[in-house]
Structures are given as structure tokens and as C-alpha cells.
Amino acid sequence: MTVSSAPGKVYLFGEHAVVYGEPAVPCAIERRATVSVEARDDDHVRVEASDLSLDGFTVEYAGSTDDRPDVNVPAGLVEAAMGYIDAAVEQARDAADVPDAGFDITVESEIPLGAGLGSSAAVTVAGIDAATRELGRSLPPEAIADRAYRAESAVQKGEASRADTFCSAVGGAVRVEGDDCRRIDAPDLPIVVGFDGGAGDTGELVSGVRALKERYDFAADTVETIGDVVRTGERLLDPDAATDVDAADRIAEVGDLMNFNHGLLESLGVSSRSLDSMVWAAREAGAHGAKLTGAGGGGCIAALDPTPETLTALRFTPGCEEAFRAELTTDGVRRLE
Ligand code: MEV
């Protein structure tokens, strides 16, 4: 058996706009998806998943994914999860050049599914790493990131950036602009996450933004303005940037830019009532700033607050199901067995 884990992430800035070539800055957080893989002696794939913010499910299929048995959890979420696992299996088969490899796969995740914390990227990255190694081949994190991007892109019908998968594979804070992906230095940010218990459909949300952008020039300008926010934000994060602003003020300014970024995402139609109410609860509790993270539509917000106030406020906010402090991690994909 081979076991790998990969982290989730929060976006400090730039989701959605990154799909159109603007830069984005996600940071890996110490909440992980762990994928265990055992090769079979036929070409079947059996997947057992738990803790994906749903009751868990087991699915077995041979070759095609059409003949899945019924499972007792929302079909949309199972399909979404299965799509990423299928795509990861295909990438591993291709990387190891064993096109008919079969696997028993177990997925355990601390990252809620479809909630903006990069669950699909983490499952895809850990799945490709574990399955490829199970077939006797080992890829460096950048190659895993590239294959995970191709897998995600296939599931999201070409509407994916490299941001989530690169961040999950290499860890730390990263900057992604088109195909240019790199680690960046960032201070240890006091990130608090609020989760409304819901999920958004990334593919639909991305298509919605594309439709707005094609219809209205000001929506296209909004996407470019998000890029400007990211360019300003990354200078604040850079510890070597020449600036007369001290470290605490820089973090406060990062918060201002997160607020700005949330407003722009809101105007692109990807926020929701519960995301907005968690954002406002965080701001009213004194957070430096707060924004939705990931595709939106429901799921998580990220706020910056070194004090316990935001965490407490979120725990009492109607619509917020869970709030926690997110530890940033510099570890991407981890090989456990
Ligand atoms: C989803 O986590 C982030 C989006 O920007 C899509 C992507 O970058 O692939 C909405």
C-alpha cells in the first residue's frame, strides 16, 4: 500500500481572475487529504471515501465510470469527488505507463468538499502521487502539480488555473500567473476560516464569471482590477520589498486588500448571503480584512485577525457551522508510506 497526503489552501487574493491570466496568491494550510492506494490484479477501481463533508461512500467500477452503484449521499458531491479521483487515476496510469492498472483507493480528508479550501486539488495531488508510486514511479512535486492541473482541467472542462494544484503539491504561499508558478516568501499570517457547511459548484461559478465578463466590459475590468489588487498585495507580503511600512501595518494593509478583493468577487456574483454575513461578522469583530476563498457560492471565508475576536464572533454567527484558525504549512505533498 502507498499513502500520500496533500494540503488544502486559502486564497489570499486572486481566485477567478487567475482563470483569465491574472496573478493569484493561495497559501497552503495544515488541513490535509490523505489517499491510500493498493494495486489490484484486475483493472477495477474501488474508492472508499470518508470525511469529505458528507457521510462517506464506497464505489466500485470497472474501466468506465458509468456503471457505479447507487450511493446514499448527494449525487452531485459524489460525482464531483469521483471525477477528480478518476482523473487522478488516469494521470497515474499514464505517468507509470500502465494503462489498465486497477486500484483500491481510500480517501480521508480534513478538508470539506467544494468549500473553497482546495479539497479537490488536495485529493488529486495526493491521489496521483500515491497511485504513481504504487506503480513503481516517483514524480517530483512540480510534475505532480502539472498532472494534477491537467486532471482538474479535464473535470472542470478546461476552466481551471494551476493555482490550487500547484499550491497543494509544493506547499507554502505561491504566486501563479498563467503557466508561471512559484513559491513566494510570506509572513506568518493570522488566518481564521469560517465555514457555512455548504459547497459551491466550481465549474458553474467559473462559467458564470465568464458569461458576465463576455457580456459586460465593466465585468472584464473587474477581473483586471482583481489582478491589480493581487499585484499590490504581493508587494506587501514580500519581506524584502523596500517599504517604510512596518510589519504590523503591512498585515493590516493586506486585510484592506482582502476586503477590496471580496467586494470585487461579490460584484462578479460568486459570493452568497452566508459568505457575506461571515465576512461582515469578521470585519465587525475587528479583523484586518475578510474575503471568501475559492470558487465561492457557499463554503469558506478567510479573515486576518491575530486576536481571538473573529474566531469567537464567527462561532456565534448564524450560518457559520465551523470556525478555526488555519495554520499555514510549507509542506506540500507528503509521502507517508
Ligand atoms: C477555485 O478554487 C479557484 C478558481 O479560481 C478556479 C481555478 O483557479 O481553477 C475559481
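Predicted model: local features only at pLDDT ≥ 70, side-chain atom pairs only at ≥ 80, totals over all residues.
Q: What makes domain 1 and domain 2 two separate parts of the chain?
A: The domain assignment of the protein chain gives residues 2-185 to domain 1 and residues 191-325 to domain 2. Their centres, taken over C-alpha atoms, are 24 Å apart.

Q: How do you know that domain 1 and domain 2 are in contact?
A: Contact asks for heavy atoms within 4.5 Å. By that rule, 30 residues of domain 1 are in contact with 42 residues of domain 2.

Q: What is the area buried between domain 1 and domain 2, and which atoms give 65% of it?
A: About 2800 Å² is buried, and carbon and sulfur atoms give 65% of that area. On the domain 1 side, Phe13, His16 and Tyr20 supply 26% of the area buried against domain 2, more than any other three residues.

Q: Why is the pair Glu15 and Lys291 called a salt bridge?
A: The cut-off is 4 Å between a side-chain nitrogen of Lys or Arg and a carboxyl oxygen of Asp or Glu. The closest N and O atoms of Glu15 and Lys291 are 2.8 Å apart, so the pair forms a salt bridge. Between domain 1 and domain 2 the count is five salt bridges.

Q: Which strand gives the most to the side of domain 1 that touches domain 2?
A: Strands β1 (2-13), β2 (25-40) and β6 (173-177) each supply at least two residues. Of the elements there, β1 gives the most, with five residues. By class, this side of domain 1 has 16 nonpolar, six polar and eight charged residues.

Conventions
Residues numbered from 1 in each chain as written. Heavy atoms only, no water. Domains from an automatic or database assignment. Buried area = accessible area lost by both parts, 1.4 Å probe. Helix = DSSP H or I, 4+ residues; strand = E, 2+ residues; numbered from the N terminus. Nonpolar A, V, L, I, M, F, W, Y, C, P; charged D, E, K, R; others polar.
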